[in-house]
Every structure is written in C-alpha cells, then in structure tokens.
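Trainee: I would like to learn how to read pockets and sheets in a model. Please take me through one.

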Amino acid sequence: MAGFGAEPQTNKGASMDFRAINKHLRPLANRVMLMVARGVLRAINDAGGLQIVQTALLEGEMRDEVERMQNYGMTSHPHPGAEAACVFPTGNRDHGLAVAVDDRRYRPKQLAEGEVMVYSSFDQFLHLREDGALEIYAPKGIVLHTEDDQMIKLKAGKIMRHATEYDGADVAGYAEKLWWLEDEGQWWWEYWRNGATFKATVDHGIAPPEVPSEEPDPEWDWETGR
C-alpha cells in the first residue's frame, strides 16, 4: 500500500486503449455523418425505370447518377433547382438515393389541416378540400377518356353543366351543339352528321334577367366551386 505523500499512479494502458478506440471509431463516425445530405437538383434523366438526378450537395459537392425513389402509382419530373433529401447507404457517396424532392417555388401554400393537393408548375391542381369536396382545375382543359366499349358515369343528386360559349355532344358522328351568341343575345342550335350541318335554328332573343352569367346559381360559386 502506498503511504501518504506517495506519487499518484496513472493507468497509462487505459489511456492508450481510449486513443486506439477513437482511432478505429473515427472512420465509422465519418461514414455516419455522410449518410444523409441535403442538395439541389441540377439535371434530371427521366428515361429509365428509375429517375436519375444530378445533385449538388452542401459545400459544392456534385453527385451524378443519384437514383430518385418515388412512391408506386405517383411520379413527377421536377425542375432543376428543386431541393432533395438524399441518403447514402453505409456512407458511401458513390451510390446515393434521393428519397424526397420538393420545390418551394411552386408548392401551394395555406392549405387547411388535413387537406391534400396534387399540383404542377403549370397551374393545374387537384384539391381534396376540408369541406369534403374535390376541386379540379386546369387552365387549358380537362380530358376524360376510356376504351370505346366502356362507360364514364356521373352520379349525384344534382348535376349542373355550365358553359359561357357552347355546350355540345356527339354520338357516332351525329352531333348537336348549343351556342350562346353574346353579341346578339340569342341561342343558336346546330345539328350535324359527319361534320355537315343539316339543321340550324336561332331562338328569339331573351331579356337581360335570363341572360346566362358567370354565376347563374346564387347558391353556387363557379370560381371556387363552393
């Protein structure tokens, strides 16, 4: 037993063990730090089974051949400049996966809690609203189509069709179209088969209270669909 006043003893072996452990753990710690990164898309290749993106990571690190993982049934082609969250399994930066992509330039804002919206940078959107309604908007038109022997059904307690210029339909080349001639204040019915008009009539002009407007139903807002 060391007496009083003896020199304190140190465990030099233990100190060396800690330095050796740190030396071996440092590469592992570096790999862990490299496993997740935030980046900006510079180029997108949408030709293959998986989208390939070129991503600029923080501090100017550029990574090519990053595979973008998307949910089954949903796909998109983002613009360069969109932001991505990337993961690198085992910390190997040579094989990256972009697991989420967002673009603050185009994302719709101020949605109510629980609402969902599918959108694009071209102003179309599909909005699942908090009031239970589904709102669809496309500035250049909406197309619904199926195979020739199939059917498209609309089922509701009330169905309203509203057109400011014309409403038309055709079956196997036979068609009719109802025009509203705003300048003349008149209706124009047009019937034809295979593109050849064979009957056209003009109804009497109508009084201003009956003239179609952008909101013919006071209980329905055609701008918001509510």
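Mentor: Start with the second largest pocket, which holds about 900 Å³ of space. The model is predicted, so local features need pLDDT of at least 70 and side-chain atom pairs pLDDT 80 or more, while totals for chains, interfaces and linings use all residues. Residues are numbered from 1 along each chain as its sequence is written, and side-chain values use heavy atoms, with hydrogens and water left out.

Trainee: How is a pocket read?

Mentor: Rolling a probe the size of a water molecule over the atoms shows where empty space is left. On a 1 Å grid over the protein atoms alone, a pocket is an open set of points where a 1.4 Å probe fits, with protein on both sides within 12 Å along at least five of seven lines; lining residues have an atom within 4 Å of a point. The volume is the space filled by probe spheres set on the points, joined across faces, edges and corners.

Trainee: Which residues lie nearest the centre of the second largest pocket?

Mentor: Arg-68, Thr-75, Ser-76, Val-101 and Tyr-119, out of 25 lining residues. β5 gives the most to this lining, with 5 residues. Strands are DSSP E runs of at least two residues, numbered from the N terminus.

Trainee: How are strands arranged into a sheet?

Mentor: Strands of a sheet pair through backbone hydrogen bonds, either parallel or antiparallel. Two strands count as paired if DSSP finds at least two bridges between them. Here a closed barrel of 5 strands runs β1-β2-β3-β5-β4, with mixed pairing. Its twist averages 50° from one strand to the next; axes are lines fitted to C-alpha atoms, and angles run from 0 to 180 degrees between N-to-C directions. Glu-67 stands opposite Leu-97 in β5.

Trainee: What order do the strands of the open sheet take?

Mentor: The order is β6-β7-β8, with antiparallel pairing. β6 and β8 are at the edges with a single partner strand each, so one side of each has no neighbour in the sheet. Glu-135 in β8 is the bridge partner of His-127.

Trainee: Does Glu-135 count as buried or exposed?

Mentor: Glu-135 counts as buried because its relative accessibility is 18%; buried means under 20% relative accessible area, exposed over 50%, partly exposed in between (1.4 Å probe, protein chains only).

Key. Helix = DSSP H or I, 4+ residues; strand = E, 2+ residues; numbered from the N terminus.
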